[in-house]
Amino acid sequence: MRKEIYITDYNCVTPLGFNVDANWNALVEGKSGVDLHKIIDKQDAFYASMIDSDKLNEEFNRFFDSTQNDIPNFTRLEKMLLLSLQPLVEKHTISEDTAFILSTTKGNISLLKNQSDLPQGVYLSKLAEKIADFFGFKTKPIVVSNACVSGVMAIAVAKNMIRAGKYKDAFVIAGDELSEFVISGFNSFQAIGSGPCKPYDKSRDGINIGEAAAAVYITSCHSDEGRISQNGKFRFKVLGDSAVNDANHISGPSRTGDGLYASIKSAMTEANVSAEQIDFISAHGTATLYNDEMEAIAFNRMDLQHIPLNSMKGYYGHCLGASGLLESIISMESALHSTLLPSKNFEETGVTQPLNIIKENKTADIKYILKTASGFGGCNAAVVLEKC
């Protein structure tokens with residue numbers, strides 16, 4: 001009999017708050033972390049979603065006494081990751097069979113600034129080891145870094161490794177921060193929006209970069225307590241997943257949505273869930289011209305055009321390697337609160353295929369969630385979650 005895999009706990013650190021409850025309350029009120037920020041000297045400010053550094057340091061010092069000699073120095077990103085994972089580690093035991101999985105695209109890329117030599121901390125493996133060692137993980141850290149699908153893929157990696165018997169449970173964390181490197185890269189593609197991003201909207205003109213850290217606890221243990229909502233305790237079963245690369249272009253998405261379509265189809269087949277059963281889609285929705293169009297085509301090819309859909313990029317910006325995990329967490333919160341959140345800043349459809357884009361807070365029973373992501377290099381990923 002196939003081993004069932006559950007997400008039973010999660011947390012996040014974002015510009016909207018340093019825990020899940022703070023984030024959910026802000027989202028229900030329609031708040032966004034996107035604002036004008038001066039990130040690169042001698043260049044105009046960009047619209048981005050950025051965590052207040054003073055508040056981050058204050059929160060970090062509240063949990064970790066940085067004056068102690070045994071507390072190492074941490075970068076800004078590392079502080080975000082530690083804060084996201086701390087509440088989960090306090091509640092769940094780390095054993096010899098517990099996996100530690102880090103999802104990130106650029107890690108401590110800011111350490112390269114003004115450096116003639118390559119700092120050790122810039123290696124993703126060293127970043128993972130530093131966080132894992134701090135919390136006392138006993139297994140070798142696993143790094144998932146596949147552009148913007150990394151967060152969704154990290155859930156899949158945990159699920160498949162636990163199911164294969166490699167581990168009994170897993171802590172998955174994800175994080176990326178705003179940096180001159182990332183902003184400069186997207187700006188060179190002329191992909192950064194002139195204002196707050198508008199996924200799927202007719203007037204969309206590019207992304208807002210964001211930053212966040214997120215963490216989930218994944219297990220096959222039935223006795224583990226699920227997250228508590230107003231209606232009692234729930235856990236989320238990871239029913240199916242898939243990652244497909246369409247190898248279309250180094251940065252441009254497939255015009256036919258082949259990779260995303262194949263990812264969704266494979267994930268839903270494994271989950272044994274039909275299009276009619278999906279209650280909600282948490283889409284990628286970057287607000288670039290070609291990404292949003294590609295997604296609309298893929299969803300229509302899967303007969304999902306009538307399913308309520310949103311993008312969280314209008315609230316958080318594009319958080320790179322953290323986006324898939326963060327948006328999965330918010331999707332689960334939506335299910336727990338029986339509430340569909342609108343796709344912020346959407347007004348008029350700007351894709352050629354029909355989509356059921358959520359425009360206001362709505363009450364709904366949500367059992368089956370489809371989370372998708374797409375990224376550079378033609379990578380696409382999908383995961384199906386079931387509230388149970």
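How do the residues of the lining of the largest pocket divide into nonpolar, polar and charged?

Mentor: Bear in mind that this is a predicted model. The lining of the largest pocket divides into 16 polar, 12 nonpolar and 4 charged residues. The pocket itself has a volume of about 590 Å³. It is lined by 32 residues, and those closest to its centre are Ser-251, Gly-252, Pro-253, Thr-288 and Phe-376. Three elements each supply at least two residues of this lining: helix α8 (289-301) and the strands β17 (368-375) and β18 (379-387). The largest share comes from α8, with 4 residues.

The second largest pocket can be described in the same terms. About 310 Å³ of space lies in it. Its lining has 16 residues, and Ser-110, Glu-177, Leu-178, Ser-179 and Glu-180 lie nearest the centre. By class, the lining of this second largest pocket holds 7 nonpolar, 5 charged and 4 polar residues.

Now to the aromatic contacts. A pair of aromatic rings is described by two values, the distance of the centres and the angle of the planes. The structure holds 10 aromatic pairs. One of them joins Phe-171 and Tyr-217, with ring centres 4.9 Å apart and planes at 50 degrees. Stacked pairs have planes under 30 degrees apart and edge-to-face pairs over 60, so the pair of Phe-171 and Tyr-217 is tilted. Phe-171 belongs to strand β6 (residues 169-176) and Tyr-217 to strand β8 (residues 212-219), so this pair ties together parts that are 46 residues apart in sequence. The cut-off for buried is under 20% relative accessible area. Phe-171 is therefore buried, at 0% relative accessibility. Tyr-217 is buried too, because its relative accessible area is 3%.

Elsewhere, Phe-60, Phe-63, Phe-64, Phe-74, Phe-134 and Phe-135 form one aromatic cluster.

Two arginines are placed over tyrosine rings. The charged end of Arg-301 sits over the ring of Tyr-261, 4.1 Å from its centre.

Terms used. Residues numbered from 1 in each chain as written. Predicted model: local features only at pLDDT ≥ 70, side-chain atom pairs only at ≥ 80, totals over all residues. Heavy atoms only, no water. 1 Å grid on protein atoms, 1.4 Å probe; cavity = no way out; pocket = protein on both sides within 12 Å on 5 of 7 lines; lining within 4 Å. Points joined across faces, edges and corners; volume = space filled by probe spheres on them. Nonpolar A, V, L, I, M, F, W, Y, C, P; charged D, E, K, R; others polar. Phe/Tyr/Trp six-rings, centres within 6.5 Å; stacked < 30°, edge-to-face > 60°. Buried < 20%, exposed > 50% of the residue type's maximum accessible area, 1.4 Å probe, protein only. Lys NZ or Arg CZ within 6 Å of the ring centre and 35° of its normal.
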